[in-house]
Amino acid sequence: MYIVMVTPEIAPVAKVGGLADVVFGLSRELEIRGNSVEIILPKYDCMWYGEIFGLCVDYDNLWVPYYDQWIHCTVFFGFVHGRKCYFIDPHSDKGFFNRGVFYGHWDDAERFAFFCRAALEYMLKANKHPDIIHCHDWQTAMLPVLLYDIYANLGMTHPRVCFTLHNMKHQGITGEFVFRETGLNPLDYFRADRFQDDANPHVVNLMKGGIVYSNFITTVSPQYAWDIRTSEQGFGMGHTLYTHQGKFGGILNGIDYDVWNPETDRYIPHKYSLSTLDDKYNNKEALRHRLLMRQDLKPIICAIGRLDHQKGVYLIRHALHYALANGWQFVLLGSSPEQAVNDEFWRMKCDLNDNPDCHIELGYNEELSHLIYAGSDLIVIPSLFEPCGLTQMIAMKYGTIPIVRSTGGLSNTVFDANYSELPFEQRNGYTFYDPSNEALEHAMVRSVGLWYEYPQQFRQLMENAMRYDYSWNNPGEHYLKVYDFIRNK
Ligand code: ADP
């Protein structure tokens, strides 16, 4: 199958969040399975150019309609760790993708609507007729409607569109000018059953239009697919998703086992696997040594991630204090986009500076994160909502038991050691539902209780967790089924 991903991000060169990892990991898996995959994205000035190999001009004479004018674009080609990427570079005094940041400008909707038109114009001119165009998030939501309204009439009748929703918080709210900008008649599209926002009839909702016009919509876990259709987690998109539920489903993301694998991980001093699990404890020792923590018969509980409201910051804070109050150890690695939250954790860090059972590391530190995953016994992930979540899947691969709030992808991947209906061999962690301190404490007490009182059973739980396959293998197969389904419709 010939698949073109149209995306605002790909890891590691243009990465803001998990979307970038999904595009990279899924593309690679699809190629391993014998498909041809190409990726089209904007040529940002702030990309990590050192990781793009063989960058060269692929198409220099691309003229893309923009209102009643045209913008000249150059399309570059380059490999990103083996993936074939095409970067669109518009030559306009607006400097659409030369802003030093990926997002956050007042004209984001205009820039990405232009990108959608440019991607299609490029495919048309370069004579690319993929079986599937796979779009990601609101930035690419204009593509399906442009395909059916304009490019199908120019001969692009073959491609089918799959649209993946990574996070419902950002939907691309804008004005009706985007239609005129991209050559569409606003009267046809600014309607309640198409692009008009459900909450505010005066604005255009790009994600909604993408949902209406795509052949299939996916999101990043089955539970999140349910949550966003039926609760406030849909940020107002529930009704539209309900209307289109016949072409909507959730597919769990995978993680890259080339990067996250304790058998080969170059960032951990002691490699280990299921059969050499005792070596994990050498990493525990190394972690304590590095963070100047006391070596003692205590469990290490960790938390790794953005200190964002979504992640249940108040519960993370409580988990830390509760662990220390009970004489356990706690390691936190995280950072917040909000200064106030960072300041608060800095104060906590200073207060706990001399505590040999605790370490708080504020900032982003990929290398340290590997050692924390390997050296900890438990990881706490009390998210208020979580589309998929990678940290629990990574932790399990390292035999670190997750304690999670059961929401979104967390509830599709973590099965409670005491309460799950699955047989014990398939249980792999601890869950709680109520986003309260008490519910979290209860799950922590149960997990640490097993760690102290029944080490053999705790170890079995670790082995259960390590046996799960959260690689791209299963998601790759699921996406191919979706592609097949819409091709044959
Ligand atoms: P998000 O909502 O942030 O995408 P995920 O659980 O899907 O959350 O992915 C988080 C990823 O980012 C994981 O790979 C995690 O290890 C990594 N990560 C988050 N914060 C940090 C940090 N401060 N330092 C290193 N890695 C981090």
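## The annotated site at K15

UniProt, in an unreviewed entry, places a feature named "binding site" at K15. In this structure, which is a predicted model, K15 is found in the loop between β1 and α1, and with a relative accessibility of 37% the residue counts as partly exposed. Leaving aside its neighbours within four places in sequence, K15 is in contact with E9, I10, A20, D21 and F102. With one of these residues, D21, there is a polar contact from side chain to side chain, at 2.7 Å.

The loop between β1 (2-6) and α1 (18-32) also holds P12, and the peptide bond that leads from A11 to P12 is cis, with omega near -5 degrees. Most peptide bonds, by contrast, are trans.

## Domains and the area between them

The domain assignment divides the protein into domain 1, made up of residues 2-254 together with 473-487, and domain 2, which covers 274-467. From UniProt, again in an unreviewed entry, comes the feature "domain: Starch synthase catalytic" at residues 3-241; this span is 31% helix and 28% strand, and its end C-alpha atoms lie 25 Å apart.

Taken over C-alpha atoms, the centres of domain 1 and domain 2 are separated by 35 Å. Contacts between the two involve 15 residues of domain 1 and 14 residues of domain 2, and the area buried between them is about 1,000 Å², with carbon and sulfur atoms giving 62% of it. On the side of domain 1, the residues that lose the most area to domain 2 are Q223, Q233 and L252, which together account for 34% of what that side buries.

## Nonpolar cores

The largest nonpolar core has 96 residues, and the members that touch the most other members are I40, M142, L165 and Y483. Among the elements that supply this core, α2 gives the most, with twelve residues. Apart from it lies another core, of 76 residues, which includes A303, Y373, Y398 and Y430.

Y483 deserves a separate description. Not counting residues up to four places away in sequence, Y483 touches M1, I3, M5, L26, L30, I132, H134 and C162.

P130 is found in the loop between α2 (108-125) and β6 (132-136). Is P130 buried or exposed? P130 counts as buried because its relative accessible area is 0%, where the cut-off for a buried residue is under 20%.

Although 127 residues separate P130 from I3 in sequence, their C-alpha atoms are 5.5 Å apart in space. When residues up to four places away in sequence are not counted, the residues that P130 touches are Y2, V4, M123, H158 and P159.

Most residues other than glycine have a negative phi. Y67, however, has a positive value, with phi near 50 degrees; Y67 has its place in the loop between β3 (52-66) and β4 (69-80), and at 35% relative accessibility this residue counts as partly exposed.

L292 is not a glycine either, yet has a positive phi of about 55 degrees. This leucine lies in the loop between α9 (280-290) and β12 (300-306). L292 counts as exposed because its relative accessibility is 73%, and the cut-off for an exposed residue is over 50%.

Key
Residues numbered from 1 in each chain as written. Predicted model: local features only at pLDDT ≥ 70, side-chain atom pairs only at ≥ 80, totals over all residues. Heavy atoms only, no water. Helix = DSSP H or I, 4+ residues; strand = E, 2+ residues; numbered from the N terminus. Buried < 20%, exposed > 50% of the residue type's maximum accessible area, 1.4 Å probe, protein only. Contact = heavy atoms within 4.5 Å. Core = buried A, V, L, I, M, F, W, Y, C linked by side-chain atoms within 4.5 Å. UniProt positions renumbered as here; feature names shortened; annotations may be inferred. Polar contact = N/O pair within 3.5 Å; in protein donor to acceptor, adjacent residues only side chain to side chain. Domains from an automatic or database assignment. Buried area = accessible area lost by both parts, 1.4 Å probe.
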